[in-house]
Amino acid sequence: MERVPILKIGDILLVSIQTDMSDQTAVQLQEDLAERIVATGCHGVIIDITALDIVDSFVGRMLSTIASISKVLDAETVVVGMRPAVAITLVELGLSLNGIRTALNVERGMELIAAARADEHDLAFDDQADADTTASS
Amino acid sequence: MTTGVDLGQPQAQAIRSDEDVVRVRQLVRTVAVAVKLSLVDQTKVVTAASELARNTLVYGGGGTVEVSTADNGRRKGVRIVFADTGPGIADLDLALTDGYTTGGGLGLGLSGARRLVDEFDIRTAVGEGTRITVTKWSR
């Protein structure tokens, strides 16, 4: 069985799917990514599907599952590089990819992850500020 | 690029494993390109074939696929026949409903595949198996 390589770039794990994956390879990728998120402490996952000429319900579900697993492990997932024909087909198939963030390319995906992290820090800071105000009043 | 595929003859392929599902996708893609389907239509028919091949494997316990070119005098297309001798489908209407699944999937395989092709024919009998024929025509 082929394995999809996972690259670490700074605080982000980059997965560039280059082959027509068998279902088993897709399931293996889910497990490998979960391991790597925990091992590296990365807060972002980018899955580049530029090379995929189809996304069927199995791969679609894998993408959703990866996004959910990452979330639980405190990492954001962004799927990038979806081809127009793939997007059209996915919608007609009835797959909405709920809960998955998407971006046109890797660069925008990285910006999206950085922005999401910044928002979270702001929120945490606001909460802290609120707590301080409450305590002092 | 030569593919080594003789398009005059139907191409048969067994569906016994995950890797066979990948081979079905590649075979359908080759024929779809040969009959000059648009990129979107190629993508649709390959996706439909992927769903149906997986169903043949997971629900039908494996089977066969036959991919051929079709010609109705006006347009060319790709025709794919999936056959298994598995348990068959007891309630076809239910099986064709979006979101219905007995296998833990998303329940989009059969209903979604039907939307992605131009012609969809399903014959099934409990205890005997299922045979699905789909056709996608060039525009």
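On chain A's part, A:Ile54, A:Glu92 and A:Leu93 supply 28% of the area buried against chain B, more than any other three residues.

This is a predicted model, where local features need pLDDT of at least 70 and side-chain atom pairs count only at pLDDT 80 or more, while totals for chains, interfaces and linings use all residues. Residues are numbered from 1 along each chain as its sequence is written, chains are lettered from A in the order written, and side-chain values use heavy atoms, leaving out hydrogens and water.

Here's the interface tally:

| Item | Value |
|---|---|
| Residues in contact (heavy atoms within 4.5 Å) | 20 residues from chain A, 23 residues from chain B |
| Salt bridges (Lys or Arg side-chain nitrogen within 4 Å of an Asp or Glu carboxyl oxygen) | six |

One of the salt bridges joins the side chains of A:Asp56 and B:Arg25, at 3.7 Å, N to O. Helices H1 (23–40), H2 (57–72) and H3 (84–93) of chain A each give two or more residues to the side that touches chain B (helices are DSSP runs of H or I, at least four residues, numbered from the N terminus). H3(A) brings the largest share, six residues.

Within chain A, the axes of H1(A) and H2(A) (lines fitted to C-alpha atoms over the stretch in contact, with angles from 0 to 180 degrees between N-to-C directions) come within 10 Å and cross at roughly 10°. So H1(A) is roughly parallel to H2(A) (angles under 35 degrees count as such).

Methods. Buried area = accessible area lost by both parts, 1.4 Å probe. Parallel < 35°, antiparallel > 145°, perpendicular 65-115°, else oblique.
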